[in-house]
Amino acid sequence: MFISVLEGIMIPFIGTTIGSACVFFMRNSITKRLDRILTGFAGGVMIAASIFSLILPAIEGSEFLGNYAFVPASIGFLAGIFFLIFLDFVTPYFKFQNTNERKKCSLSKTAKLVLAVTIHNLPEGMAVGIVFAGLLYGKSEVSLMSAMALSIGIALQNFPEGAIVSMPLKTKGMSKLKAFICGTLSGAVEPIGAALTMVAAGFFLPLMPYFLSFAAGAMFYVVIEELLPSNNDEGNFGLGTVFFAFGFVLMMSLDVGLK
């Protein structure tokens, strides 16, 4: 089980690393078509994972409250949303998918972009950590398959993020190797955040429903603010919508059918 958990919390980081490696192979950036496919699919996976792997287990874990079992999930979900709003307020906010505008930014703004991406990766690491914590501490509502699927969905979302960190650094004169390292390090906060969240969850098991729904709120915010808008670019959202549906159905099927 320990090996599976270790693999699970490292998968999102691997997604960032692979995306950062695009600096070695691509001249400018990933194509809009591939970007829509990746972000649409990742968005579907993450929304389904938030519902079936986070929100519903949070409600099930609060059944002792009877008709008020929804309260911890509601509080945690809203807390996750407002936590991400707070992060966007206190850090420089850049639309991750708008690669062309980023290339026109100065190096200092590019550095701020790296910081913003790194900070935004923290709640994603927390989401992975809390799901695997539920698995480790015997929460029957959480399955290994659903936890792994969530990690893979986040990894897919991290792929373009790694690319949009490393590529602008290269255009500003940084070597490909250094740009790759910087892009990779921007995702290092995820396994660290996941590990710390797992440790904290061990001390606060009664608060697990709040933690699960908090992660769900953070995931919803990431999808709504950063993934879905890119698929509505220039009114051409059909491809992203189709892959969003595929991602949602796949994650729902894995979570419900393989528990």
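1. Helix H1 (residues 2-20) and helix H8 (residues 189-203) pack at an angle of about 145 degrees, and their axes lie 8 Å apart. Axes here are lines fitted to C-alpha atoms, for helices over the stretch in contact, and angles run from 0 to 180 degrees between N-to-C directions. On the H1 side, Val 5, Ile 9, Met 10, Pro 12 and Phe 13 make the contact, while H8 brings Glu 190, Pro 191, Ala 194 and Met 198. Contact means heavy atoms within 4.5 Å. The residues of this contact divide into 8 nonpolar, no polar and 1 charged. For these classes, Ala, Val, Leu, Ile, Met, Phe, Trp, Tyr, Cys and Pro count as nonpolar, Asp, Glu, Lys and Arg as charged, and the others, Gly among them, as polar.

2. Now step back to the whole fold. The protein has 10 helices and 0 strands. Both kinds of element are DSSP runs numbered from the N terminus: helices are H or I with at least four residues, strands are E with at least two. Of contacts between residues at least 6 apart in sequence, 85% join residues at least 24 apart.

3. How much of the protein is buried? Buried residues make up 51% of its 259 residues. Buried means under 20% relative accessible area, exposed over 50%, and partly exposed in between (1.4 Å probe, protein chains only). The protein exposes about 11700 Å², of which carbon and sulfur atoms supply 73%. Those areas come from the Shrake-Rupley method with a 1.4 Å probe; for residues, only the protein chains shown count as cover.

4. Next, look inside. The largest nonpolar core holds 42 residues, and Leu 54, Ile 130, Phe 132 and Met 219 touch the most other members. Such a core is a set of buried Ala, Val, Leu, Ile, Met, Phe, Trp, Tyr and Cys residues joined through side-chain atoms within 4.5 Å. Elements giving two or more residues to this core include H1, helix H2 (32-60), H8 and helix H9 (208-227). A second, separate core of 6 residues includes Ala 21, Val 165, Ala 179 and Phe 180. Beyond neighbours within four places in sequence, Met 219 is in contact with Met 46, Ser 50, Leu 54, Glu 124, Ala 127, Leu 150 and Ile 154.

5. Thr 197 sits in helix H8; it counts as buried because its relative accessibility is 15%. Leaving aside neighbours within four places in sequence, Thr 197 is in contact with Met 126, Gly 129 and Ile 130. Helix H3 holds Ile 85, which is partly exposed at a relative accessible area of 37%.

6. Finally, a word on confidence. The mean pLDDT (the predictor's confidence in each residue, from 0 to 100) is 75, and 76% of residues reach 70 or more. Over residues 93-107, pLDDT stays under 50. Where pLDDT is low, the predicted coordinates should not be read in detail.

7. Two reading notes. Residues are numbered from 1 along each chain as its sequence is written, and side-chain values use heavy atoms, with hydrogens and water left out. In this predicted model, local features need pLDDT of at least 70 and side-chain atom pairs count only at pLDDT 80 or more, while totals for chains, interfaces and linings use all residues.
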